[in-house]
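Q: Hi! I have a structure open here and would like to go through it with you. Could you take a look?

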Amino acid sequence: MTQIVHRTAAIATKRPDAEYTPASGDTRALIEAKREGYLWRSDLTPARIVAVRLQLAAAEAAALPCPLLGVKTWLGRLAQFVTNAPAPEARSAQAAIFAEVCSDIPVGAWTPETRIAWTRQPDRNGYPVGSRWPAPGELYAHLRPFAEQIRSEVAGLREILVLAEKPREPERKRPDASELARAGALADAVIRELKAATGEGMTP
């Protein structure tokens, strides 16, 4: 628990989302299976449960609010990729506006990947969006899908752990020889009674 707290603090104050990677592989498959409704308690092996808990700790840390320093850092690096970035002083002053507009964008969405994704946007009506400095609203619209992905992952992982905490159904005990014999005798008695009743009904 102490390690998770320290890790969360580091992500939130020093390097936004430095350690978070979206779920992939088997863990991602579990999330999708739960969402589609075909994940069973028996599918959740101890190793899978450990992997889900670790991913949830990282995703919950990534879902924390992003500090102003994180926004400033992200914008400062974006400035190296666009052609009309504000001067450093103006950029620092604008950071507070971006942070206010994007206040519900968690720390996990302010990553190098989302910055590169901005620069790779196709031109819009002839305007090179990815090569230009964003308006606060434009940046919010760009980052929102990444934020929703993080929240969706957190919700999915929590649902898996709820399923994992359900007690396993006890295995059905196979009947022994005496129980099989009793069941056979009972079936024979029922058949004899049915035959007798049928025979009586046919008597003139």
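Predicted model: local features only at pLDDT ≥ 70, side-chain atom pairs only at ≥ 80, totals over all residues.

Q: What about Phe98 and Trp133, how do their rings sit?

A: Phe98 and Trp133 make an edge-to-face pair as well, with 6.2 Å from centre to centre and 85° between the planes. Phe98 is in helix H5 while Trp133 is in the loop between H6 and H7, so here the parts tied together are 35 residues apart in sequence. Both Phe98 and Trp133 are buried.

Q: Let's stay with H5. Where is the kink in H5 centred?

A: The kink is centred on Gln94 and comes to about 30°. As for the span of H5, the helix runs over residues 88–101, and its 14 residues reach 20 Å from the first C-alpha to the last, close to the 20 Å expected at 1.5 Å a residue.

Q: Which residues of H5 are buried?

A: Arg91, Ala95 and Phe98 are the buried ones in H5. Their cover includes helix H4 (68–78) and helix H7 (136–164).

Q: Now H2. Which residues of H2 are buried?

A: Thr27, Leu30, Ile31 and Ala33 are buried in H2. They span an arc of only 165° around the axis, which places them on the same side of H2. An α-helix has 3.6 residues a turn, so residues three or four places apart point the same way.

Q: What do the buried residues of H2 pack against?

A: They pack against H3 and H7. On the face turned away from the buried side, H2 carries the exposed residues Gly25 and Glu36.

Q: What is the span of H2?

A: H2 covers residues 25–36, and its 12 residues reach 17 Å from the first C-alpha to the last, close to the 16 Å expected at 1.5 Å a residue. Just after H2, Gly37 has a positive phi of about 90°.

Q: Next one: is Gln55 buried or exposed?

A: Gln55 has a relative accessible area of 15%, under the 20% cut-off, so this residue counts as buried. Gln55 lies in helix H3, residues 46–62.

Q: What lies 3.0 Å from a polar atom of the Gln55 side chain?

A: That is the backbone oxygen of Thr21. Leaving out residues up to four places away in sequence, Gln55 touches Tyr20, Thr21, Pro22, Ala23, Thr27, Glu153 and Leu157.

Q: Over to Thr114, then. Which helix does Thr114 lie in?

A: Thr114 is in helix H6, residues 112–119. This threonine is buried, with a relative accessible area of 2%.

Q: And which residues does Thr114 touch?

A: Not counting residues up to four places away in sequence, Thr114 touches Trp74, Ala109, His142, Leu143 and Phe146. Trp74 also has its place in the edge-to-face pair with Trp110.

Q: Last one for today: where is Ile105?

A: Ile105 is in the loop between H5 and H6, and it is buried with a relative accessible area of 1%. With residues up to four places away in sequence left out, Ile105 touches Cys66, Trp110, Tyr140, Leu143, Arg144, Ala147 and Arg151.

Q: How far apart are the C-alpha atoms of Ile105 and Pro145?

A: They are separated by 9.6 Å, with Ile105 and Pro145 being 40 residues apart along the chain.

Key:
Residues numbered from 1 in each chain as written. Heavy atoms only, no water. Helix = DSSP H or I, 4+ residues; strand = E, 2+ residues; numbered from the N terminus. Expected span 1.5 Å × (residues − 1). Bend = angle between axes of the 7 residues up to and from the residue. Buried < 20%, exposed > 50% of the residue type's maximum accessible area, 1.4 Å probe, protein only. Contact = heavy atoms within 4.5 Å. Polar contact = N/O pair within 3.5 Å; in protein donor to acceptor, adjacent residues only side chain to side chain. Phe/Tyr/Trp six-rings, centres within 6.5 Å; stacked < 30°, edge-to-face > 60°. Arc of directions from axis to C-beta.
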